[in-house]
Amino acid sequence: MLLSELLGVIDYKEIINRSGIDAENVTVDTLCCDSRKAGEGSMFVCISGAHSDGHDFAKAAYACGCRIFVSEKRIRVPDDSFVVITSDTRIALAKLSAYFFGNPADEMTVIGITGTKGKTTTSLLIYNILNESGIPTGYIGSNGVSYLDYQFSTLNTTPESYDLHEHMRKMLDCGVKTLVMEVSSQALKMARVHGIKFKVAVFTNLSPDHIGEFEHPDFADYKNCKRTLFTSYGADYVVYNADDEYALSVVGGTGCKKSGISVGNDADYRADSITYFRSPGNIGVSFECTNDGKTFPVALSFPGEFSVYNALTAIAVCKYLGLPEGKITKTMRHIRVKGRFETHELPSGATVVIDYAHNGVSLKAALSALRVYNPTRLVCLFGSIGGRTKMRRAELGLVASRDADFCILTSDNPDNESPSAIIGEIASYFSADSCPYIAIPDRREAILYALENSRKGDIILLAGKGHETYQIVCGKRQKFSESEIVEQFCSENKN
């Protein structure tokens, strides 16, 4: 693509061109914001991240062969460089990426889901229902990127704008014209989804999270970032959790069609008569859904009241897209989501549940949901991420110490922090009245301890990692899959 075409996409304040490069004749082969991916024919966009500033890596990109740069200020690169200065490089990257890949979002039905909890499960419920109903659909979120037979991992819940548009272009080229996307507060704050029209926007719930030095400075900023999905991205239809105290302040004021969901209260989609069921390898919930004066039964293989909210949301979105409730509920009965209340039956007769619950609110919801099934013991294995969000450690320790029968404190992506120090901090919130606990820093050993000491009727919650297939230690990702550990244990200990 010609450099002159790309210059026409963004607003820029100045061009510094001592090189004699002619924008009408120079081709840009790729865009990047990581200097390690720069090379001849690339355009390097300097963006500021949580831990580093891309402007500081312009020289590294130059050393890799890059000669075209987009920045917010003058950068020190040799005179044979072409530098475009703009006021916001994140917005510039989003605009450039969309144009570079032919504005794929304009040709797609994009469903955006935001909230503190429930994004992944709700997204994947919708994704599975639409695909099984003959509507080829893609997914982008915490569980990676999925469409047709393709599966890719991602570093962030919502990838950078260049990666987003690249994935959307590949989906379109394969005939996939519907996309369900988890939209994180950080993605909204950092303009990763800038310029994308979301036909449907969903609000699941809101509670304090992602507040800290490298994320949101306070709850108000966190909430306001979420709100922009409903005010700035052109949604035609909004689904929101009418029982959440922040719902109206997040989705209110938008003029499009809206549907509220509720458990037991008046709303467009209402759930009543909730029933919990448990069988070997399956923990689920059923309820009656009422919409437009009609009531129909719903059942799914996820526990807890929050799963009812996820199901109601999926029903509302899929009905808006034209699917009948019979088709929706038939598919919903058998859907399972990797790492979201993923269940395994142990030879001992205990049930293992793998879930991503990684803060106080989500852990409390998970333990409360599992308590309803009257386990012999409710065992909770968890840790807390290193390097940031330290407020979670108090939340996690207080919740688990009160709501579980036994806890196993271990590692969860400790990164450059000492696992023992993190565990010690969590343990400080256990008191004489708390449930008993044991500390086992090595997470694999901790899991095996839980499995080997399980009893018939126990429910063992492995909390925090969910779908992740790695453990971050000293800045490096090490292969680690809880599902594989549990499955191998079951295979080796068959009766």
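Which residue is the bridge partner of Phe 203 in strand 12? The partner is Tyr 240. To see where this pair sits, start with the whole chain.

This is a predicted model, in which local features need pLDDT of at least 70 and side-chain atom pairs count only at pLDDT 80 or more, while totals for chains, interfaces and linings use all residues. Residues are numbered from 1 along each chain as its sequence is written, and side-chain values use heavy atoms, with hydrogens and water left out.

The chain has 15 helices and 24 strands. Both are DSSP runs, numbered from the N terminus: helices are H or I with at least four residues, and strands are E with at least two. The C-alpha atoms fill a box of roughly 75 × 55 × 40 Å along the principal axes. The radius of gyration is 24 Å; a compact globule of 495 residues would have one near 23 Å, so the two agree. That radius is taken over C-alpha atoms, and the globule rule is 2.2 Å times the number of residues to the power 0.38.

Now look at what is covered. Of the 495 residues, 57% count as buried. Buried means under 20% relative accessible area, exposed means over 50%, and partly exposed lies in between, with a 1.4 Å probe and protein chains only.

Next comes strand 6, residues 109-114. Five of its six residues are buried, so the strand is largely enclosed by the rest of the structure. Strand 6 runs parallel to strand 10 (residues 178-182), and five bridges join them. Two strands count as paired if DSSP finds at least two bridges between them. Here Val 110 stands opposite Leu 179 of strand 10.

Strand 6 also pairs with strand 11 (residues 200-203), again in the parallel sense, over four bridges. Gly 112 has Ala 201 of strand 11 as its bridge partner. Thr 114 has Phe 203. Strand 11 is covered on both faces. Val 200 and Val 202 are buried on one side, and Ala 201 and Phe 203 are buried on the other.

Strand 11 goes on to strand 12 (residues 237-241), where four bridges join the two in parallel. This brings back the opening pair: Phe 203 is bridged to Tyr 240 in strand 12.

Turn to a helix. Ala 314 is in helix 9, residues 305-320. Is Ala 314 buried or exposed? Ala 314 is buried, with a relative accessible area of 0%. Leaving aside neighbours within four places in sequence, Ala 314 is in contact with Thr 122, Leu 125, Ile 126, Ile 129 and Met 332. Ala 314 and Tyr 127 are 187 residues apart in sequence, yet 9.1 Å apart in space, C-alpha to C-alpha.

Finally, visit two loops. Asn 103 lies in the loop between helix 3 (89-100) and strand 6. Asn 103 is not a glycine, but its phi is positive, at about 50 degrees. Asn 103 is partly exposed, with a relative accessible area of 30%. Cys 474 sits in the loop between strand 23 (470-473) and strand 24 (476-479). Cys 474 is not a glycine either, and its phi is positive, at about 55 degrees. Cys 474 is exposed, with a relative accessible area of 54%.

Technical notes
Contact means heavy atoms within 4.5 Å.
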